[in-house]
Amino acid sequence: MSNSSVQSVDRAIAILEILAREGATRVTDLANELDVHKSTAFRLLAALEQGGLVEQSGDRGRYRLGFGVVRLAGAATAQLDLAKESRRVCRRLAKQVGETVNVAVPQDGYAVNISQARGPSAISGHNWVGQRTPAHATSSGKVLLAYGALLLHDELERFTPMTITDARLLGLEEIRRRGWAFTVEELELGLNAVAAPIMGSDGSVVAAVSASGPSYRLTPQRLPEVGEIMAQGALEISQRIGYYR
């Protein structure tokens, strides 16, 4: 690529950055900020407009970002590795709450854990990564059910005496209102968990982040506090994969 071509690319990128920062901008102002002739700014804008990256605004002589930028951003977001993007946040959450933290995604009617981070208090043992877990008996699964990322199975299997097998008692509406879900010994005796939703770029729930630990440490009394922590962590992960509130 010639030096002039590289310079044109650099200037086109600069135009996109200016429009992202300033909003609709006059060609004259763009030319002044780039320190180029007005005709050069027009030529660059024409090329960007052809690609749908900029468009003329309602104000005569002004340009703004086009929907082509949204298309490119969406494609980039779709390619992000959720496990990778959430890893740092999960490690911090695990340290903060002192328990194992997992990220789960909906798959074939189950919540499937794709990453795990252990807290300083976590007892070494079960690795949940790659395992399918029943939606109605896990905190992550309840989150995915509440926000429509998963559908309930016709029959809800009982795993412990605490397992909820009546769909009407799962409290999905309450989960949406509160912003997090919990389980108390519903999958395994002695195991409690709390989870919050992870949103994608379009605002739909694509995953859940959960903290789980022994019931003597992650007590029912702690669940609201941990739930709020997980909700904040979930929002941070959501923003890292393209969600904007």
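Biologist: On what basis are residues and values reported here, and what pLDDT do side-chain atom pairs need?

Modeller: Residues are numbered from 1 along each chain as its sequence is written, and side-chain values use heavy atoms, with hydrogens and water left out. The model is predicted, so totals for chains, interfaces and linings use all residues, whereas local features need pLDDT of at least 70 and side-chain atom pairs count only at pLDDT 80 or more.

Biologist: Where does T163 lie, and is T163 buried or exposed?

Modeller: T163 is placed in the loop between α6 (139-146) and α7 (172-178); helices (H or I, at least four residues) and strands (E, at least two) are DSSP runs, numbered from the N terminus. The classes are buried under 20% relative accessible area, exposed over 50% and partly exposed in between, with a 1.4 Å probe and protein chains only. The relative accessible area of T163 is 4%, so T163 is buried.

Biologist: Which residues does T163 touch, leaving out those up to four places away in sequence?

Modeller: Contact means heavy atoms within 4.5 Å. Apart from these contacts, the side chain of T163 reaches the backbone nitrogen of F159 at 3.0 Å. Not counting residues up to four places away in sequence, T163 touches H136, A137, E157, R158 and E186.

Biologist: How many residues apart are E33 and R21, the pair that links distant parts of the chain?

Modeller: E33 and R21 form a salt bridge with their closest N and O atoms 2.6 Å apart, the term denoting a side-chain nitrogen of Lys or Arg within 4 Å of a carboxyl oxygen of Asp or Glu. E33 belongs to helix α2 (residues 27-34) and R21 to helix α1 (residues 3-22), a separation of 12 residues.

Biologist: What is the relative accessibility of E236, which meets R92 in a salt bridge?

Modeller: The N to O distance between the side chains of E236 and R92 is 2.8 Å. E236 is in helix α8 (residues 223-240) and R92 in helix α5 (residues 82-97), 144 residues apart. R92 has a relative accessible area of 39% and is therefore partly exposed. E236 also counts as partly exposed, at 29%.

Biologist: Which residues of the largest nonpolar core touch the most other members?

Modeller: A nonpolar core is a set of buried Ala, Val, Leu, Ile, Met, Phe, Trp, Tyr and Cys residues joined through side-chain atoms within 4.5 Å. The largest core has 26 residues, and the members that touch the most others are L82, V101, I198, V209 and M230. At least two residues each are supplied by α5, β4 (100-107), β8 (191-199), β9 (205-214) and α8. The five residues asked for are thus L82, V101, I198, V209 and M230.

Biologist: Which strands stand at the edges of the open sheet of three strands?

Modeller: The order of this open sheet is β1-β3-β2, with antiparallel pairing; two strands pair if DSSP finds at least two bridges between them. β1 and strand β3 (residues 62-65) pair over two bridges, and R26 has R62 as its bridge partner in β3. Each edge strand has a single partner strand, so one side is left without a neighbour in the sheet; these strands are β1 (25-26) and β2 (54-56).

Key: Polar contact = N/O pair within 3.5 Å; in protein donor to acceptor, adjacent residues only side chain to side chain.
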